[in-house]
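Please look through the structure below with its sequence at hand, and then follow the description from strand to helix to single residue.

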Amino acid sequence: MDFERVDMREMTPEELIEANEMAQIVFKINHTMPNTDEYNNLLKELLGANLGENSMVMAPIAGAAFDHIKIGNNVYINSNSLLMARGGITIEDDVMLAANVQLLSNNHDEYDRQVLLCKPIHIKKGAWIGAGASILPGVTIGEYAIVGAGAIVTKDVGDYQVAVGVPAKIVKKLDQEKFEK
């Protein structure tokens, strides 16, 4: 899959206004008591219908293009997440992200820093991403896969696989039958 190129100099006035409004909502989220109606309403304002039922994103959060994020049901995203979503981020049901996880669906062109190179990130059902892990553009994390703490994931991780390290490597495969109850 090729990268989608987004030239930030070509953003429309409407896109700039929307980006500023998202930044203001993120600021409010980061300064509001979690697990309150006010906090939950701000999350809904930021993510709209793209926030699944019984899902929680804990402050503080940072990122961009939150309108390119889709979060399934029963997802838990711990504090200090960085969600750079210009390329798109899909998080399926029952996913857990530990603290300090970075989902980076875009990167800058090495010669023209105003151009973003974007590829979607897809985290499938039941996956668990360990603290401080970074998932890079174009990566898919398989169903019930585990990404170890501090890993930098540059390639897909298959269903039920465990990936650790820098760069992340597959170290084992989980017993699929233990998930089928």
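**Strands, a helix and one lysine**

Buried here means under 20% relative accessible area, exposed means over 50% and partly exposed lies in between, with a 1.4 Å probe and protein chains only; helices (H or I, at least four residues) and strands (E, at least two) are DSSP runs numbered from the N terminus. The model is a predicted one, in which local features need pLDDT of at least 70 and side-chain atom pairs count only at pLDDT 80 or more, while totals for chains, interfaces and linings use all residues. Residues are numbered from 1 along each chain as its sequence is written, and side-chain values use heavy atoms, with hydrogens and water left out.

Strand 6 pairs in the parallel sense with strand 3 (residues 61–64) over four bridges, where two strands count as paired if DSSP finds at least two bridges between them. M84 of strand 6 has A64 opposite it. Strand 6 also runs parallel to strand 9 (residues 102–104), to which three bridges join it, and there L103 is the bridge partner of L83.

A further sheet is open and has three strands in the order 1-11-10, paired antiparallel. Strand 1 (4–7) and strand 10 (106–108) stand at its edges with a single partner strand each, so one side of each has no neighbour in the sheet. Between strand 1 and strand 11 (residues 115–118) there are four bridges in the antiparallel sense, and V6 has L116 in strand 11 as its bridge partner.

Helix 1 (residues 13–30) has 18 residues and reaches 26 Å from its first C-alpha to its last, close to the 26 Å expected at 1.5 Å a residue, the expected span being 1.5 Å times one less than the number of residues. Its buried residues are M22, I25, V26 and I29. They cover an arc of only 100 degrees around the axis, which puts them on the same side of helix 1; the arc is that of the directions from the helix axis to the C-beta atoms. On the other side of helix 1, P13, I17 and F27 are exposed. Among what covers the buried residues of helix 1 are helix 2 (37–47) and strand 3.

Finally, K70 lies in strand 4 (residues 69–71) and counts as partly exposed because its relative accessibility is 44%. Leaving aside neighbours within four places in sequence, K70 is in contact (heavy atoms within 4.5 Å) with N50, I89, T90 and I91.
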